[in-house]
Amino acid sequence: MKTGIGYGGKTLKEMLEESEKLWRETGYYYGLKELKLRKEDPVKFERFYSRLLALVIGARESVRYIASSPGTREVGELVFAIYTPEGDGVVFSTGIMAHVNTMSRFIKWMIENDYESDPGIIEGRYFEANDWVVGGLHPVDVLQVTPIFYKGQLVGWSGGVIHELEAGAYEPAGCPLSPTRFVEGLHFMGDIVAENDRLKKEYVEKVKINVRFPEIFIMDAKVRLAGNYMIREGVKKVIDEFGLDYYMRAVRELIEEGRRAFLEKVKTVLIPGKYRTAAFIPLNYSKLEGLRRLHPLAQQDTLLHFAYEISVNEDGTLHYDIYAANPQGPHPLHATPTLLRGGLWITLTQILAYDLRVSEGTNRCVSFSAPQGSVLNPTDPHVSTSNVWNVLCTIFGSGVRLLSYGFYARGFLEEVFQMNANDMIAIQLLTPKGLVGGDNMEHAGAGSGARAVEDGIDGGHCLWLPDTTAGNAERWEETYNKLYLHRNFLRDAYAPGKFRGGAARNSTFIVWTDFMQVVFKCGWTPGVFPFDKGMFGGYPPPTPFGYALKNTNVKELIEKKVPLPRNVFEIIEALEKGILRAEEIYFYKTHDVSPHLKYYDIFGIVHKGGAGYGDPIERDPKLVIRDVERGLVSEEYARRIHGVVLKYENGKWTVDLEATAKEREKIRKERLAKAIPVKEFIEKERERILKKDLPEHVLRCYRDTTRISKRWKEEFYKFWNLPENFEI
Amino acid sequence: MSTSYPEEVIRKLVKRELPWEDLKRMMSEFKDPDRFEKYVKVWQELTGWKEKIVLPLTEHLMIVNKDGNLIIKALCGYELGDYKENWKLKVLIRVRRTLEEFKEIYPYPLVPDPNWCEIREFICPGCGALLDVDAVPPGYPIIKEFEPDIETFYTKWLKRPIPK
């Protein structure tokens, strides 16, 4: 009789089926009603857990320094984890927590596709995937897993993911504007990339000529391999110490315990009920000449729209019903239910499950639904997910705000949080070795949204990235042949509120090569549309943008020792005054590519902060003084937005309290005078909608959404009291 | 693991008077299961209302039990009716939909594009407080964002009746 490679001689398929059956029938992970090991000897159980946790964190922190990529070394864009034989996550390192579910899906995909028989799963063999069909997020997030055998039985898997700076798409870097998968770059779908713990030659040779940074990519593959090797060997030692039967039961108890703890946490900090919002991503591509070469319909303006409802259920489970979304289309903003879990876990691990053991157990407490055939549940295997992060940041960023309503209502003001999304740039250089290039992760140091107890972080927040640092300027200069003209915060450029969003951050660079091309992308989600909204009277954040100046007089200014601009406002002023000159000036509020830039040309990016919290005229004047002293707010803006009247005497800023009280009262009266009852607004707007007096891309968004979502159509028609025969 | 804070600490938290060190410690600690009771008690004292507060909803709005009906009441005293209805439909609104109006809030060129988006400010009719700000494309319905299941919260989670 044929025996399987799994624990107890079962095949992996049998193990997976058994695990799923037990879950279906009992509602407990692996049918574990009793946490026997934990109950019998909790100290041993904790020691066991600590050993596994130390393995994954130890691996991540050791091997990231093998990497030559600043994204891996400095921004920490990697994660390691241990899985059960069936592919259920047991323990995760710190890092990109988006992958709680992706590697799990990848392992299950291999099991379902009988990798056990063909090509075979053996010790020392490593598999990679980055394709969404297999569970990958987008091509630059490369997943690698390897089996863990103990005395001839497969007892689990080790997995590691690294965000590559580049994956060989038609555009450099991670989130190209790819209308289909055909221009996304290299795809891996369960490829064997290493045998006997060594990278295979054909893998290395393939990567060498198919990406723009082959050295970085190959070193990252070695990082993944080394980390997985460390974990695999470490797990064997843990089993030597604790025994195989203990190991197999304990990893499952950890998952079940994680599930129960999550439900309890939800019941402790949230309020049951429905939390709803709508999130938007403008795809303003109509002016992007050339896109139509990639897909006949790609060059157009489209507004992506997601209306969703989070149900916090009586038992502590969460259900995300994204009931409205556009149909799949020729752009890179698609996700799948597995990928949605990527965005979910990168947020929940930090705002809800940060004191829990995140595992498959926590994963089972959350479910999703999204319309089939939509951008979130595509049926066309050729759609692109290159810019999936744009979708995930937009949906789950607003999702954090929604859960914050629950935190506030429950009294956990210190837990209220608002996130930000990424505003990325990528760079391509022509060198004697050919085109090189990839992401410049400057956005990793952007500001956050405000909380209920303090302002947003000005620099050093990026919940989507592990180490929330933009990395050392010098390292990026070395990677991309550009020099920092400045990294700075902008004045009066935040989301106003009682607590304000983080200040907008601005970097400008001098090109230091003969050929450079810059791609402005990704978090442009909102180049023309704010990212999310705000809470309780706080405003949405400002919108980001990029710029490039070609054929400048920067060299001459340096030679003449004329002070160079220190931020984009000063650049604009210097241009207006004729001090700074450029033959061509480019301004970007969409995903776009710069022309050929060369020595002394300059380019830059403004990263927005997050949203504000509370009424701006309830802001503590002391915080306004602090901001004035830091150069983050002007006297005029403080008065106009916060109603704070400042005085500058004897070299010191103070608040005129009496004038401030009057100013604030004046603002309240002005608001009341300028506002109308909402019912009146609805009546006027209804007429406009009946006449279809809306921008064409907005009308198309509503039209597409009504076709794909019956619920949204009913809500839209009911709200505006539209006749049944009306067609948007 | 159970944490608990004196009522005074929660009062300072609500009034935003908690020193940063204490706030930071609170963020890092396990969450205190009795927070809600103290939180509502503090709000009850701060408002001085005779109606029982059932659930704080936003910075300015509370769900209270008024004569057996759960309604939304603003801190200024303005009442917004049944909590199950969308309070946003009962207040005042100012819509910003031109570049000039956006530039009053954001410095150019960090402004949204009026062709894609409008900013809706919801204002309390009672006191002129800014209650919420939405950013949506023109023609988008006004969403009821939070619909607490008060019955389940009190009877199943807190295991006590809704305050009367």
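**Entry 1: Y83(A) and its partners**

I looked up Y83(A) in this predicted model and found that its bridge partner in strand 2 of chain A is G89(A). I then turned to strand 5 of chain A, where Y83(A) has W157(A) as its bridge partner.

I next recorded how the strands themselves are joined. Strand 1 and strand 2 (residues 89–92) of chain A run antiparallel, with three bridges between them. Strand 1 of chain A also runs antiparallel to strand 5 (residues 153–163) of chain A, and here I noted six bridges.

I examined the hairpin made by strand 1 and strand 2 of chain A, in which five residues lie between the strands. In this hairpin G87(A) takes a positive phi near 95 degrees.

**Entry 2: Chain B as a whole**

I moved to chain B and noted five helices and eight strands. Reading from the N terminus, I wrote the order of its elements as α-α-α-β-β-β-β-β-α-β-β-β-α.

Chain B has 164 residues, of which 41% count as buried. Its C-alpha atoms fill a box of roughly 50 × 40 × 30 Å along the principal axes. I also looked at contacts in chain B between residues at least 6 apart in sequence: 46% of these join residues at least 24 apart.

**Entry 3: Where chain A meets chain B**

I recorded that 67 residues of chain A are in contact with 64 residues of chain B. Several elements of chain A give two or more residues to this side, among them helix 9 (244–269), strand 8 (273–284), helix 13 (388–410) and helix 20 (678–690). Strand 8 of chain A provides the largest share, eight residues. I noted the composition of the side of chain A that touches chain B as 40 nonpolar, nine polar and 18 charged residues.

I finally checked which strand of chain B pairs with strand 8 of chain A. The partner is strand 8 (residues 146–148) of chain B, paired in the antiparallel sense over three bridges. Within this pairing, F146(B) is the bridge partner of Y275(A).

Methods: Residues numbered from 1 in each chain as written. Chains lettered and ligands numbered in written order. Predicted model: local features only at pLDDT ≥ 70, side-chain atom pairs only at ≥ 80, totals over all residues. Pairing = 2+ DSSP bridges. Helix = DSSP H or I, 4+ residues; strand = E, 2+ residues; numbered from the N terminus. Buried ≥ 20, exposed ≤ 12 C-beta atoms within 10 Å, placed from the backbone. Contact = placed C-beta atoms within 7 Å. Nonpolar A, V, L, I, M, F, W, Y, C, P; charged D, E, K, R; others polar.
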